[in-house]
Amino acid sequence: MKAQLLTMSTPDGPFTIIARDGAVLASGWTAVPSELTGQIHAELLPAEYEPVLGLGTISAAVEEFYAGNPAPAMGVPVLQKSGPFRSHAWDMLRTVAPGSPVTYTEYAELSGNPKAVRAAASACAFNAAALFVPCHRVIRTDGTLGGFRWGLAIKESLLEREHGLAPAPK
């Protein structure tokens, strides 16, 4: 199976997307595709990659995110494969509102198992579709950033970019 490969320029550096049939298989802040392929499940791993100049709604969603509108990225289809908890946890990440990060404990609760904090953190660590599955929106209980595969500077930049989008308190 063949996948499309696109590297875009963003304020946070190069952002590479591997997609197939309109769905993101992997993405992240790198210009080196091999830094993404290891995150793709073996059953989904493409045999070939075709460099492209755009990915339609997928690349448009990245541009929209950096223009201040993160909503389109949550509508982009993502194709990841794992066990039931991790797959559900990835789906739940897409419901976390921009500008309203959750703690790892809250993320475990949101994912249906309040005691599964380590499993929730693991779901973040193994998320192949950065930005489209916004693992950057999960922070430590003490408010510090925690980890991020693409570096804390990028995580901080993404959270700061989304900060002004948080709904006003009622």
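Asp-21 is found in the loop between strands S2 and S3. In this predicted model, the phi angle of Asp-21 is near 50°, a positive value in a residue other than glycine. Asp-21 counts as exposed, at 72% relative accessibility.

A second residue other than glycine with a positive phi is Leu-131, where the angle is near 80°. Leu-131 belongs to the loop between helix H6 (117-125) and strand S6. Its relative accessibility is 1%, and Leu-131 therefore counts as buried, the limit being under 20%.

**Overall architecture**

The protein contains 7 helices and 6 strands. Along the sequence these elements follow the pattern β-β-β-α-β-α-α-α-β-α-α-β-α. The radius of gyration is 15 Å, close to the 15 Å that the globule rule gives for 170 residues, so the protein is as compact as a globular protein of that length. Taken along the principal axes, the box filled by the C-alpha atoms is roughly 45 × 35 × 25 Å.

Of the 170 residues, 44% are buried. Among the contacts with a separation of 6 or more, 58% are made by residues 24 or more positions apart. The accessible surface amounts to about 8300 Å², and carbon and sulfur atoms account for 56% of that surface.

**Helix H2 and its surroundings**

Helix H2 spans residues 57-66, and its buried residues are Ile-58, Ser-59, Ala-61, Val-62, Phe-65 and Tyr-66. Seen down the axis of H2, these buried residues fall within an arc of 150°, so they line one face of the helix. The face turned away from the buried side carries the exposed residues Thr-57 and Glu-63.

The partners of the buried residues of H2 include both strands and helices. The strands against which they pack are S1 (2-10), S2 (13-20) and S3 (23-28), and the helices are H3 (71-75) and H7 (152-163). After H2 comes Gly-68, whose phi is positive, near 105°.

| Residue | Relative accessible area | State |
|---|---|---|
| Glu-162 | 1% | buried |
| Gly-146 | 10% | buried |
| Gln-39 | 19% | buried |

Glu-162 has its place in helix H7. Not counting residues up to four places away in sequence, Glu-162 touches Phe-65, Pro-70, Pro-98, Gly-99, His-136 and Arg-137. One of these, Phe-65, is also among the buried residues of H2.

Gly-146 lies in the loop between strand S6 (138-139) and helix H7. Leaving aside neighbours within four places in sequence, the contacts of Gly-146 are Arg-140, Leu-152 and Lys-155. Gly-146 and Cys-124 are separated by 22 residues in sequence, and their C-alpha atoms are 11 Å apart in space.

Gln-39 is located in the loop between helix H1 (34-37) and strand S4 (48-51). With neighbours within four places in sequence left aside, Gln-39 is in contact with Ala-125, Phe-126, Asn-127, Ala-128 and Arg-149. At 19%, Gln-39 is buried because the limit is set at under 20% relative accessible area.

Notes
Residues numbered from 1 in each chain as written. Predicted model: local features only at pLDDT ≥ 70, side-chain atom pairs only at ≥ 80, totals over all residues. Heavy atoms only, no water. Helix = DSSP H or I, 4+ residues; strand = E, 2+ residues; numbered from the N terminus. Rg over C-alpha atoms; globule rule 2.2 N^0.38 Å. Buried < 20%, exposed > 50% of the residue type's maximum accessible area, 1.4 Å probe, protein only. Contact = heavy atoms within 4.5 Å. Areas by Shrake-Rupley, 256 points an atom, 1.4 Å probe, with all protein chains shown as cover. Arc of directions from axis to C-beta.
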